Amino acid sequence: MTYLSSGANDANARRKPVTLPGLKVAAAKGERLTMLTCYDASFAHVLDAAGVEILLIGDSLGMVLQGHDSTLPVTLEDVAYHTACVARAKPAALVMADMPFGSYQVSPEQAYENAAALMAVGAQMVKLEGGAWLADTVAFLKARSVPVCAHLGLTPQSVHAIGGYKVQGRGAAGDALIAEAQQLEAAGADMVLVELIPTPLGERLTKALKVPTIGIGAGPHTSGQVLVLHDILDVTPGRKARFVKNYLAQEGSVQAAVAAFVREVKDGTYPGPEHGFEA
């Protein structure tokens, strides 16, 4: 038994591979990009057939798969295992892997060694959480052909330092966030993901950068949107974040739910005003 009909497989086979240069061109044209977390081969097929452009092996796996209360216990080996599972599906989508806590903070050399390990099992891009202090690391990776997505705003690996999961970038902190994003872009970051920031800041940030921006709880003006797969399917226990939308309840099947997410991001239906935050 398989998740996909032969028709879906045929459609997937005709899809051109998603590339980083292609994503940059699409974003520059105003086309909205889609990203979902993905942790295994079966869901990689489902997401790819629906047209998701980027599959993120997020350290969110620590919470939605392993049952931890944060992403901090996730290891490089955990991310590498799930990256390999997704890559074996041979998706046309770009495969991005999170660098887990402790895998890149020591030195650029440490970051390169661990990023190379993730790319060896199928990652095509890595994501690092942090601000301007990561500029040297981003430059080091860029010089060695490792594409980097910077992650700003709410950075879950810093949850204890920032005092919980709360909106970032209000007031003067918004100017600082944009400045740090620009430093990371100048260092070589190919994409910037921003989480849980005011909607107006998401718009300002996107206008300030040349590289694509991906938002989660950052309003509708970023180049693309990302959500956790388990959230859009409403299988994550506990209280849901304001920006989460239950697509399974709306559509009735996993495949239709993922397709609806893609469609609503592309046509601007998602995120709506109710999913954003004021300055």
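**Aspartate 190**

I started with aspartate 190, which sits in the loop between helix 9 (172-187) and strand 6 (191-195). Helices here are DSSP runs of H or I with at least four residues, strands are runs of E with at least two, and both are numbered from the N terminus. This is a predicted model, in which local features need pLDDT of at least 70, side-chain atom pairs count only at pLDDT 80 or more, and totals for chains, interfaces and linings use all residues. Residues are numbered from 1 along each chain as its sequence is written, and side-chain values use heavy atoms, with hydrogens and water left out.

Is aspartate 190 buried or exposed? I found it buried, with a relative accessible area of 3%. Buried means under 20% relative accessible area, exposed means over 50%, and partly exposed is in between (1.4 Å probe, protein chains only).

Next I looked up what aspartate 190 touches, not counting residues up to four places away in sequence. I noted Leu20, Lys24, Met125, Lys142, Pro147, Val148, Val211 and Pro212. A contact here is heavy atoms within 4.5 Å.

Aspartate 136 is in helix 7 (residues 135-143). I have it down as exposed, with a relative accessible area of 61%. I also checked alanine 187, which is 51 residues from aspartate 136 along the chain. Their C-alpha atoms are separated by 7.1 Å.

Threonine 137 is in helix 7 too, but it counts as buried at 6% relative accessibility. Leaving aside neighbours within four places in sequence, threonine 137 is in contact with Ser107, Pro108, Ala111 and Leu128.

**Leucine 128**

Leu128 came up in the contacts of threonine 137, and I followed it. Leucine 128 lies in strand 4 (residues 125-129) and counts as buried at 1% relative accessibility. Which residues is leucine 128 in contact with, leaving aside its neighbours within four places in sequence? I wrote down Met99, Tyr104, Leu134, Thr137, Leu141, Val148, Cys149, Ala150 and His151. Val148 is also in the list for aspartate 190. Glutamate 195 is 67 residues from leucine 128 along the chain, and their C-alpha atoms are separated by 13 Å.

Most residues other than glycine have a negative phi, and most peptide bonds are trans. I went looking for exceptions.

- Leucine 196 is not a glycine, yet it has a positive phi of about 55°. It lies in the loop between strand 6 and helix 10 (199-208) and is buried, with a relative accessible area of 8%.
- Aspartate 234 also has a positive phi of about 55° without being a glycine. Its place is the loop between helix 11 (229-232) and helix 12 (247-251), and at 39% relative accessibility it counts as partly exposed.
- Tyrosine 270 and proline 271 are joined by a cis peptide bond, with omega about 0°. Proline 271 lies in the segment after helix 13.

**The core**

How many residues does the largest nonpolar core have? I read off 87, and those with the most contacts inside it are Met35, Leu47, Leu118, Met191, Ile232 and Phe261. Helix 13 (residues 254-267) gives the most to this core, with 6 residues. A nonpolar core is a set of buried Ala, Val, Leu, Ile, Met, Phe, Trp, Tyr and Cys residues joined through side-chain atoms within 4.5 Å.

Not counting residues up to four places away in sequence, it touches Thr34, Met35, Leu36, Gln225, Leu227, Ile232, Tyr247 and Tyr270. Tyr270 is the residue joined to proline 271 by the cis bond.

**The whole chain**

Stepping back, I noted 13 helices and 8 strands. The radius of gyration is 17 Å, close to the 19 Å that the globule rule gives for 279 residues, so the chain is as compact as a globular protein of that length. That radius is taken over C-alpha atoms, and the rule is 2.2 Å times the number of residues to the power 0.38. The C-alpha atoms fill a box of roughly 50 × 40 × 40 Å, taken along the principal axes.

Buried residues make up 56% of the 279 in the chain. Of the contacts with a separation of 6 or more, 65% are between residues 24 or more positions apart.
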